Amino acid sequence: MCCAASTGSAFARGAAGQIEIQLDLPAVTQGIALVCHPHPLFGGTNSNKVVTTLARAFRESGYAALRPNFRGVGKSEGGHDHGQGETEDMLAVLGWAQEQWGEGLPLVLGGFSFGAYVQTRLAARLAAAGMPPPGHLVLVGMAAGMTEGMSGGSSRHYETPAVPGNIPTLVIHGEADDTVALANVLDWARPQKLPVVVVPGADHFFHGKLGLIRDLVGRNVAPARTDTAK
């Protein structure tokens, strides 16, 4: 790997075909970060500003940040599968990443909106399979409960899984989110005794607040450290 941070693209193979991935790579890869984008039926892609903010924050901490496009977005094949096929695809992307940089590297999962919902499903799948848990889970503007439609779309209901208790989790939500009500996320977090960081005045897309997300990730997610960095 070169001596400076870089960006690029790659493809992994999922059950529905190829999965397009954007890469944000540090000078030395010491961990893997998987970052998921918002709802594909409402314009969500891996170039979303919240998603790229998360990826760059992880890269600054030594993680190779992967931003896959969900099914039917960009050059990713297949069609939207309401989180089920998308979860399977993220397992495939993790497998691809381990082939590139080796197994055993620290792993963090991050997601925005629908992407955060998928990451809770992925964390549950990893736990059910007895696989090593991610070192951190970052959920921004998470879809939980009944959400308001975006871009003229209809409302949707999300049964968001609880986070496995052994995963340190950072939940960030906007006070003025009019797509996923803050009350929904608090209702989800309360029985788990999971704190929620509320950004005053922030809407669902965190307009003008992206720097706060980057700072919160930097302060709460431990830098990747491993003796097997490549």
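How closely do the axes of helix α1 and helix α5 come, and at what angle do they cross?

1. The axes of α1 (residues 49-60) and α5 (residues 210-220) come within 9 Å and cross at roughly 30 degrees. Axes here are lines fitted to C-alpha atoms, for helices over the stretch in contact, with angles running from 0 to 180 degrees between N-to-C directions. Helices (H or I, at least four residues) and strands (E, at least two) are DSSP runs numbered from the N terminus.

2. This is a predicted model, in which local features need pLDDT of at least 70 and side-chain atom pairs count only at pLDDT 80 or more, while totals for chains, interfaces and linings use all residues. Residues are numbered from 1 along each chain as its sequence is written, and side-chain values use heavy atoms, with hydrogens and water left out.

3. The crossing of α1 and α5 is right-handed, a term for a near helix turned clockwise from the far one by less than a right angle. From α1, Lys49, Val50, Thr53, Leu54, Arg56, Ala57, Phe58 and Glu60 meet Leu210, Ile213, Arg214 and Val217 of α5; contact means heavy atoms within 4.5 Å. By class this contact has seven nonpolar, one polar and four charged residues. Ala, Val, Leu, Ile, Met, Phe, Trp, Tyr, Cys and Pro count as nonpolar, Asp, Glu, Lys and Arg as charged, and the others, Gly among them, as polar.

4. Helices α2 (residues 84-101) and α3 (residues 114-128) have axes that come within 9 Å and cross at roughly 65 degrees. That makes α2 roughly perpendicular to α3 (65 to 115 degrees). This crossing is right-handed. On the α2 side the contact is made by Gln84, Glu86, Thr87, Glu88, Met90, Leu91 and Leu94, and on the α3 side by Phe114, Val118, Arg121, Leu122, Arg125 and Leu126. Seven of the contact residues are nonpolar, two polar and four charged.

5. Arg121, in helix α3, counts as partly exposed because its relative accessibility is 23%; buried means under 20% relative accessible area, exposed over 50%, and partly exposed in between (1.4 Å probe, protein chains only). Leaving out residues up to four places away in sequence, Arg121 touches Gly83, Gln84, Thr87 and Pro161. Between the C-alpha atoms of Arg121 and Leu137, 16 residues apart in sequence, the distance is 12 Å.

6. His82 is in the loop between β4 (63-68) and α2, and Ser113 is in the loop between β5 (107-112) and α3. Ser113 is buried, at a relative accessible area of 4%.

7. The largest nonpolar core has 43 residues, of which Leu66, Trp96, Trp101 and Trp188 touch the most other members. Such a core is a set of buried Ala, Val, Leu, Ile, Met, Phe, Trp, Tyr and Cys residues joined through side-chain atoms within 4.5 Å. Helix α3 gives the most to this core, with seven residues. Beyond four places in sequence, the contacts of Trp188 include Thr120, Leu139, Met142, Pro161 and Leu194. A second, separate core of 24 residues includes Val140, Ile172, Val199 and Val217.

8. Thr147 lies in strand β7 (residues 145-147) and counts as buried at 6% relative accessibility. Not counting residues up to four places away in sequence, Thr147 touches Ser155, Arg156, Tyr158, Thr179 and Val180. Thr147 and Thr179 are 32 residues apart in sequence and 5.6 Å apart in space, C-alpha to C-alpha.

Methods. Parallel < 35°, antiparallel > 145°, perpendicular 65-115°, else oblique.
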